Amino acid sequence: MSKKWYRVQKLKAIFILALAVILTNAVVSYSNTVKLISNQEWVTSSYKVVTQLEILQSTLKDTETAQRNYLITADANDLQTYLAAYQETNSNIQILSNLTAQNHQKRQWISLLEPKISNRLNILQQEISLRQDQGFEAVRQQILSDKDRQSSKEIQQLIHDSLEVEQNLLQQGMQQSQASSQKAIVTFFIAAVVDLVLVVLLYDLLWRYIKQLQQTELALRQSENRLRAMIDAEPECIQLIARDGTLLEINAYGLAIMEVESADVLIGKPIDAVIVPEYRAAFANLHKSVCQGNKGTLEFEIVGFKGTRRYMETHAVPLRNESDGTFIHLALMRDITQQKQAEQKIREQGFLLDVSSDAILVRNIHNQILFWNQGAERLYGWKTEEIVGKNVLQLLYKDISPQLEDAYLRVMNKGEWRGELHQLTREGKVIIVESRWILIRDDNGQPKSILSVNTEITQQKQLEAQLLRSQRLESIGTIAGGIVHDLNNILSPILMSVQLLQKKLPDSQSQEILQTLENNVKRGANLLKQVLSFARGIEGKQTIVQIQPLMAEIEQIITQTFPKSIICQADIPKNLWYVRGDATQLHQVLINLVVNARDAMPNGGILRIAAENLVIGEHSAQINIDAKVGSYIAIVVTDTGMGMSAEVQQRIFEPFFTTKEVGKGTGLGLSTALGIIKNHGGFVNVYSQVSRGTQFTVYLPASTSRETHLLSPELESVTGDG
């Protein structure tokens, strides 16, 4: 027990003694170190002042030299050299001022030096200005003056004196620093002897500590091996890159990517050696950012040691170096070559889809648009960025029709559907498309999206409708012609009998009855004549007809006979071409159209008649089945009346079809007008909207006959353009 107590006390005494020695050594060392540091700082400060004075002397000389060169040569490069030296001189003066800010004695001679240098620089600048304004001869005398030399000598002498004083002070400081160093060395040896005793006493403690460190190192090595195995098992390239861009570490997968068998081939080498040249600048910028403590990602291409090219995606994170607080580059790289190839294939497929003239779109099962090609942009008017993610049903359809629901159910059940749909464009225009839907499924066979390919057939459908209407009118005309022939055979003996009875029954009552009967028979015959005009066309004597006087006459009739609530607007050019036709029949057509316009505006409105010369090309001729390529006169009659529905527009040229009240129309006016127009080789277009009015456009072929040029000289001057 006493031994143990003695050992404890001995250990305590040794510990106290060691602590006292350490404290004493620390105090002495601290005192010596403070003195040494103070001397060293003083020496360093003095050395910096000497160095800065020498630099100032050199830069001032360079400034004067560059200024003299410019004054002599007037070379812009010399001027640039002077300006750079000028700036550097000012900067050196500022640095020297900062270095001597804490030393009062040095500030005194700096305060003398600064204004002299500033004054010298001003003189140099004035000489340059004088050289630029008045030339070299003007500044030559000033350069050679004693005042100029004296200014430069004073500055150089002042700098030389300052350097001499400062160098003497520097020498004294270095001697004091050397003495302090020797004293510190002696103190160090004394402390070393004392510390050696302490080392012997503490050997046992250190030996135990080292043994413990060995055990800790073994544990760390085992942990490092486990971590290395985990990193090598990672299916991504992991690299540790030094600040200078050389490789420090790389895992097994990274070696496979680089196509090498050993890390020794790569360690210590620049990492950008395998990067394709066009990506090196971007990688260097990323590496610089990471070494500043920032994260980043980058896609780039590398070439392995066996020549294999790969696209890589790196996720770069900064890794702090605990020794100096700087950052190194930890890179986790993933091979995205297949992804890039797939993206390229998708881009190529997208380009092919954009080349297609059809509208191709893809929507998910919730009807949200996923893809929209350029053909769809041209057809519907929406750009891709405006349409993606929107509901296709809300954009392209007025309402959900049974046909649309049936198409959706059929494509979901059978995988495809084909049919015609009425859709809307961005401007609200209704178009007809031939649509083909294909169901796309995911890897599990579940419905994923619907691919639609739409081809516009609006023009085709309009031509089909025109053809059907023309065929229907032709059939009606054929039937009407036969009926008219039979009815004429019936009315002829009736009229003859009435005329015979008028001679045999002279009394007034019989005459009145027979006259009424005769009038009705003639009215019926006239009605049949109109039907026959529609059915077979009206033949009459055709001559060269001027449209402008004809329309002027119609304008006069409208102005004089129509209600004042109807305002007539006429646009009748004087240089209208001529047509070959029957003026009376054309007059009947125009009268019929303006009368219908009047009846469509019972409460008044605007009735506009206009005409123009135009040439119909191939495209326009394809739109209308009755049109042919050539020159035409277009006569337009427009009203702001009640308008017509689409159903009414389909039937307006049928005989006996009328929307007027009973007794106010026979339904033969437009059918007769159509017969006259067709007999003249023309055609008519109708555009109408309910409550917004109607527009009839009559197209009559312009005459190209020599008869046009055989007219009077007055007419020739009018027709010169045609």
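How many of the 722 residues of the chain count as buried? The share is 35%, where buried means under 20% relative accessible area, exposed over 50%, and partly exposed in between (1.4 Å probe, protein chains only).

This is a predicted model, in which local features need pLDDT of at least 70 and side-chain atom pairs count only at pLDDT 80 or more, while totals for chains, interfaces and linings use all residues. Residues are numbered from 1 along each chain as its sequence is written, and side-chain values use heavy atoms, with hydrogens and water left out.

**The whole chain**

Colour the chain by secondary structure, which comes to 21 helices and 17 strands; helices (H or I, at least four residues) and strands (E, at least two) are DSSP runs, numbered from the N terminus. Among the contacts with a separation of 6 or more, 62% are between residues 24 or more positions apart, a contact being heavy atoms within 4.5 Å.

Select residues 76-99, which form helix H2. Its 24 residues should span 34 Å at 1.5 Å a residue, and the end C-alpha atoms are 35 Å apart, which agrees; the expected span is 1.5 Å times one less than the number of residues. Buried residues of H2 include Asp78, Tyr82, Asn92 and Leu96.

**Glu313 in strand E4**

Move to strand E4, residues 309-320, and pick out Glu313, which is buried with a relative accessible area of 15%. The side chain of Glu313 makes a polar contact with the side chain of Arg334 at 2.3 Å; such a contact is a pair of N or O atoms within 3.5 Å, of which, within protein, one must be able to donate a hydrogen and the other to accept it, and residues adjacent in sequence count only if both atoms are side-chain atoms. Leaving aside neighbours within four places in sequence, Glu313 is also in contact with residues including Leu298, Leu332 and Ile336.

**The five-stranded sheet**

Next, show the open sheet whose five strands run in the order E12-E14-E15-E17-E16, with mixed pairing; two strands pair if DSSP finds at least two bridges between them. Strand E12 (566-571) and strand E16 (683-689) stand at the edges, each with a single partner strand, so one side of each is left without a neighbour in the sheet. E16 and E17 pair in the antiparallel sense over seven bridges, and Asn685 stands opposite Thr697 in E17.

Within H17, select Asn592, which counts as buried at 17% relative accessibility and touches Gly669 and Leu670, not counting residues up to four places away in sequence.

**The largest nonpolar core**

Finally, select Ile547, Met551, Val594, Leu607, Ile635, Phe696 and Leu700, the residues with the most contacts inside the largest nonpolar core, which has 40 residues; such a core is a set of buried Ala, Val, Leu, Ile, Met, Phe, Trp, Tyr and Cys residues joined through side-chain atoms within 4.5 Å. Elements that give two or more residues to this core include helix H16 (547-561), strand E14 (605-616) and strand E17 (693-701), and H17 gives the most, with six residues.
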